[in-house]
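Me: I would like to learn how to read the features of a structure one at a time, with the general idea before the particular case. Could we start with the way strands pair?

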Amino acid sequence: MKKHLLTPLLVFLLVTVALAAHNTEEWKSRTIYQVITDRFARTDGSTDDSCEDLHHYCGGTFKGIENNLDYIQQMGFDAIWISPIPENYLEDYHGYGALDWYNVNPRFGGADDLKSLINAMHERDMWMMLDVVANHVAYIDMDFEKVTPFDKEEYYHAKCQINNWNDPNEVEYCRLSNLPDLDQDHPFVRKTLIDWVKWVIKEFDIDGLRIDTVPEVKREFWKEYTDAAGCYAVGEIFNSDTHYLASYQGPVPAVLNYHSFFFTRNLFQDAGESMYQVRDIVNTDNEVFPDPTILGTFADNHDNARYLSFHDDLKNYQNVLVFNFFLQGIPMVYYGTEQAFKGGDDPANREPLWGHMDTNSEMYKFVTNMVKARKDFNVWEHPHVERYVNHDIYAFSRGEVLVAVTNTHNPFGVDVAYLPDSYKEGDILCNILNSENDCTTVSNGSVNIHFDDGEAKVYVPQARLIKE
């Protein structure tokens with residue numbers, strides 16, 4: 001009798017656990033690949049270059065992503081961040097102009113295809129990060145009746161435009177680019193937004209969230225919203241000021257590390273800039289953020305011109321990538337990085353990937369090796385420890401991984417004597433980004449790191465390299 005009573009209960013518990021969104025601590029081990037759903041892959045696999053106007057839909061779908069999960073997983077990524085899913089207005093391919101919140105964008109394939117994608121991901125132990133918006137709706141100006149379910153003027157703030165980004169009241173109450181600004185203090189709006197995020201996580205088995213336009217909404221709302229979501233959520237605050245960014249960590253679990261993003265973009269394209277500034281980045285993050293270990297770290301994304309569009313130096317770019325990837329936090333890599341895409345300002349930085357999925361390209365292998373080092377050595381379990389710094393080099397460790405970056409192409413070498421305790425005399429360390437030609441040996445308690453031409457270094461113990 002007891003056996004028959006327990007069996008359904010156990011099944012229920014197992015299903016409940018399987019469908020549970022993942023918390024912040026669980027997300028620390030994940031490595032995220034960001035896609036623009038409309039630009040990654042088409043359902044039919046076609047690769048013709050027929051998308052002449054990047055302001056419009058180009059044909060990417062959920063099924064296109066599902067059909068190319070191997071391409072993503074073979075790089076080692078175990079999470080994917082996709083575009084917002086509500087049906088959007090006219091040609092708003094990006095997903096940030098919601099028209100019908102409960103209707104999954106049919107241009108992406110609809111609800112069934114989204115569920116199919118997520119099921120396929122979960123079968124591979126890959127997690128889904130969904131981009132969500134709670135600040136605004138589509139470009140409908142004052143035609144509120146077009147929006148479901150926010151179809152009345154009373155659901156919105158009075159029409160005004162954000163002109164002064166230093167005025168919090170204006171940022172929270174006025175429109176971003178004339179997008180109708182929802183009033184989260186209205187009981188219906190507040191309840192509906194919170195009910196929606198709970199619904200979408202449960203309905204589609206979402207694992208985590210990226211939240212758009214965080215400063216445009218009051219902090220109190222975000223605390224209630226993210227508590228209701230019950231999973232890791234990382235918010236977008238498009239600002240480099242560390243104190244301003246940190247003021248939102250708490251209302252949301254984590255934020256995108258725009259401090260490091262902007263700082264390193266400048267630092268790694270000018271050899272005249274001192275690498276001592278990297279120390280300042282790390283120290284400031286540690287002093288100001290409540291928890292810098294869960295920030296979203298990145299070198300490119302959909303809101304900024306790709307690094308290679310304004311500084312076409314692959315070695316410098318690889319250093320930017322490596323530093324931000326191994327910096328404390330949860331790394332996010334923008335699609336096309338692995339093919340050295342060079343798109344400029346939006347929408348040029350949202351170019352289609354189809355026709356360019358070359359798994360033998362230099363950057364595809366580079367990204368694969370970065371991810372491999374992070375996962376093989378459980379980098380997230382270890383603190384960031386500075387090991388050496390001078391004008392031309394910054395070196396730090398995360399456990400057994402020793403990272404060294406530079407912004408100069410001039411050849412030089414340094415002896416690093418402050419090493420991780422796990423390194424022993426005679427140990428051979430190899431740069432996983434070039435392990436056949438770049439190894440060094442621990443001798444007299446130090447290692448010599450030599451740069452030939454500005455290459456990034458990610459050293460790991462040769463004895464622990466996992467052979468493919």
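Reply: Two strands are said to pair if DSSP finds at least two bridges between them. Keeping in mind that this is a predicted model, take strand β15 (residues 428-431) and strand β16 (residues 439-441), which run antiparallel and are joined by 3 bridges.

Me: What does the UniProt record annotate over residues 34-374?

Reply: The unreviewed UniProt entry carries the annotation "domain: Glycosyl hydrolase family 13 catalytic" for residues 34-374, and such an annotation may be inferred rather than shown by experiment. In the model, the chain over residues 34-374 is 36% helix and 11% strand, with its end C-alpha atoms 18 Å apart.

Me: In what order do the strands of the open sheet of 8 strands lie?

Reply: The order is β8-β7-β6-β5-β2-β1-β10-β9, and the pairing is parallel. The edge strands are β8 (254-255) and β9 (296-297), each of which pairs on one side only.

Me: How many disulfides does the structure hold, and what pattern do they follow?

Reply: A disulfide is a covalent bond between the sulfur atoms of two cysteines. The structure holds 3 disulfides, and, with bonded cysteines counted along the chain, they follow the pattern 1-2, 3-4, 5-6. One of them joins C51 to C58, with an S to S distance of 1.6 Å, and both C51 and C58 are buried.

Me: Which parts of the chain does the disulfide of C160 and C174 tie together?

Reply: The sulfur atoms of C160 and C174 are 2.0 Å apart, and the link is left-handed, with -100° about the S-S bond. C160 lies in the loop between β5 (127-132) and α7 (168-173), whereas C174 lies in the loop between α7 and α8 (187-204), so the pair ties together parts that are 14 residues apart in sequence. As to accessibility, C160 counts as partly exposed at 27%, while C174 counts as buried at 8%.

Me: Why does C430 count as buried, and why does C439 count as partly exposed?

Reply: A residue is buried under 20% relative accessible area and exposed over 50%, with partly exposed in between. C430 has a relative accessible area of 1%, and therefore counts as buried, whereas C439, at 37% relative accessibility, counts as partly exposed. These two cysteines form a disulfide with their sulfur atoms 2.0 Å apart, and this link is right-handed, with 105° about the S-S bond.

Me: How should I read burial when the subject is a whole helix, and which residues of α11 are buried?

Reply: One can count the buried residues along the helix and then ask what they pack against. Helix α11 (residues 258-267) is mostly covered, since 7 of its 10 residues are buried, namely Y258, H259, S260, F261, T264, R265 and L267. These buried residues pack against α10 (242-246), α12 (276-288), α13 (307-310) and α14 (314-326). At the start of α11, a side-chain oxygen of N257 comes to within 3.3 Å of the backbone nitrogen of H259.

Me: Finally, which residues does K63 touch, not counting residues up to four places away in sequence?

Reply: K63, which lies in helix α4 (residues 62-67), touches T43, D113 and S116 on that count. With S116 there is also a polar contact of 3.3 Å between the side chains.

Technical notes:
Residues are numbered from 1 along each chain as its sequence is written. This is a predicted model: local features need pLDDT of at least 70, side-chain atom pairs count only at pLDDT 80 or more; totals for chains, interfaces and linings use all residues. Side-chain values use heavy atoms; hydrogens and water are left out. Helices (H or I, at least four residues) and strands (E, at least two) are DSSP runs, numbered from the N terminus. A disulfide is a pair of cysteine sulfur atoms within 2.5 Å. Buried means under 20% relative accessible area, exposed over 50%, partly exposed in between (1.4 Å probe, protein chains only). A polar contact is a pair of N or O atoms within 3.5 Å; within protein, one must be able to donate a hydrogen and the other to accept it, and residues adjacent in sequence count only if both atoms are side-chain atoms. Contact means heavy atoms within 4.5 Å.
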